[in-house]
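Me: Please take a close look at the helix packing for me. I'd like the geometry, the residues that meet and their classes.

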Amino acid sequence: MSLTLKSAYEISGMLKNKEISSEELTRAYLDRINTVEDKVEAYVNVFEEDAIKEAKRVDEKRAKGEELSELAGIPIAIKDNICTKGTKTTCSSKMLYNFESPYDATVSDKLKKDDLIILGKLNMDEFAMGSSTENSYFKKTKNPWDITRVPGGSSGGSAAAIAAREAVFTLGSDTGGSIRQPASYCGVVGMKPTYGAVSRYGLVAFASSLDQIGPITKDVKDMAMALQSIVGYDPMDSSSAKIDYPKYIQAIGQDVKGMKIALPREYFSDGIQNDIKEKVLEVAKEFEKLGAIVEEVDLKTTSYALPAYYLISSAEASSNLARYDGVKYGYRAKEYDNLLDLYKQTRDEAFGTEVKRRIMLGTYALSSGYYDAYYKKAQQVRTIIKNEFDQVFNNYDIILTPTVPATAFEVGAKIDNPIEMYMNDVCTVPVNIAGLPALSMNCGFDQKGLPIGVQFIGKAFDESTLLKMAYAYEQTQNNIEKYPTL
């Protein structure tokens with residue numbers, strides 16, 4: 001069996017027992033990238049020489065009997081809005097096409113200290129703004145299940161790389177569904193942790209009160225291991241939560257009998273593709289067979305989440321992206337008349353259409369005379385949405401929903417219709433609004449053979465319950481097709 005078909009959990013054991021070397025494993029993944037990357041286009045940069053060098057270093061440490069982490073020597077890849085020292089961090093934008101980070105993001109530093117091998121940086125929608133990875137300045141990533149279709153976004157490269165077996169696990173970022181939606185489209189496991197559980201230091205900001213780094217993996221046990229490697233308090237991030245984080249692997253295999261699951265009616269409306277509804281309801285029935293209690297509930301504020309999200313996120317993007325002015329770093333226009341003209345020309349030439357759209361929307365929402373009517377109102381709605389989730393969680397352990405309203409669409413089908421594109425996030429944005437953890441995993445395929453995702457939403461900092469429930473469901477689906485043929 002090819003090494004690229006094995007999970008992180010399996011590979012970890014093989015490395016410990018010296019059945020394989022990290023160099024052998026890394027070369028297997030680099031060979032896989034060379035084989036399929038021209039079809040998938042998941043990577044912006046591949047660090048081939050550095051990866052092999054690091055793999056040899058880890059093998060030497062293992063040979064000397066040095067103490068190593070569970071994931072030492074395992075090859076992974078990182079979304080290109082997470083800083084890695086001495087290599088390019090472009091956010092898939094012309095604005096940062098030549099930017100080399102002078103420091104590591106906290107998550108990058110953690111992974112390096114644990115001796116994981118970084119294979120490269122992954123493609124994304126520019127500055128994480130998009131739902132299809134068609135907004136990248138460099139390339140359009142394809143869905144490995146059908147290369148005529150999008151992989152989702154903005155972490156499309158991160159999800160496609162897992163489905164195409166181009167990394168053991170990857171990191172993405174999730175502002176309104178940007179891990180879970182592509183995980184759904186690509187038939188893999190993606191988690192948005194609780195806001196504050198994973199440091200945002202070194203994550204290039206889109207919307208600071210919503211952004212969260214999280215893993216994308218091959219299966220649920222891998223998710224527990226990957227999540228463990230990046231959570232924790234970080235004094236460099238003012239929003240980082242100083243709490244005791246559990247050992248997530250201990251949640252794997254626990255009994256789910258008596259667990260209470262909420263099915264919100266609003267997530268099964270007419271706007272949801274019929275075979276997605278059917279598959280998610282089948283998931284609920286599987287849980288009932290396992291002894292869980294499933295009941296319908298109301299989440300009446302659901303319809304307000306999408307407009308509130310796009311106002312809040314665009315307002316924060318307007319503020320965060322003001323730093324890109326052609327003066328300090330990144331792209332600079334070659335012709336300009338004065339300083340203000342430099343700002344204007346640089347931003348006009350280097351920002352893509354979607355980024356400009358959101359900056360303008362956010363600037364308008366924050367402008368004098370409109371702040372109270374839009375941004376302040378959206379923040380008030382945010383509080384109401386969070387409170388409604390809290391009320392549901394007073395009586396239930398998790399909430400079960402579709403991840404997205406429809407399966408992956410064709411490349412180019414929605415790029416000129418931003419409103420239709422934004423509707424892809426209708427099931428995922430409430431989670432970011434409320435700061436909760438959520439996990440998406442594959443629960444089957446539609447009539448066209450495209451993956452369908454089911455979403456588990458949990459209480460704040462209760463990722464263990466999500467992993468327990470997701471793993472229990474995964475064990476009922478051993479016959480499900482895991483990887484596409486490329």
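Reply: Happy to! An axis here is a line fitted to C-alpha atoms, for helices over the stretch in contact, and angles run from 0 to 180 degrees between N-to-C directions. Helices are DSSP runs (H or I, at least four residues), numbered from the N terminus. This is a predicted model, where local features need pLDDT of at least 70 and side-chain atom pairs count only at pLDDT 80 or more, while totals for chains, interfaces and linings use all residues. Residues are numbered from 1 along each chain as its sequence is written, and side-chain values use heavy atoms, without hydrogens and water.

Let's begin with H2 (residues 22-40) and H3 (residues 48-63), whose axes come within 8 Å and cross at roughly 160 degrees. H2 is therefore roughly antiparallel to H3 (over 145 degrees). Their crossing is right-handed, meaning the near helix is turned clockwise from the far one by less than a right angle. From H2, Ser22, Glu23, Thr26, Arg27, Leu30 and Asn34 meet Glu48, Ala51, Ile52, Ala55, Lys56 and Asp59 of H3 (heavy atoms within 4.5 Å). By class, the H2–H3 contact has four nonpolar, three polar and five charged residues (Ala, Val, Leu, Ile, Met, Phe, Trp, Tyr, Cys and Pro are nonpolar, Asp, Glu, Lys and Arg charged, the others, Gly among them, polar).

Now set H1 (residues 8-16) and H7 (residues 220-228) beside that pair: their axes are 8 Å apart, at an angle of about 70 degrees. H1 and H7 are therefore roughly perpendicular (65 to 115 degrees). Ala8, Tyr9 and Ser12 of H1 make the contact with Lys221, Asp222 and Met225 of H7. The H1–H7 contact holds three nonpolar, one polar and two charged residues.

Notes. Helices (H or I, at least four residues) and strands (E, at least two) are DSSP runs, numbered from the N terminus. Angles under 35 degrees count as roughly parallel, over 145 as roughly antiparallel, 65 to 115 as roughly perpendicular and the rest as oblique.
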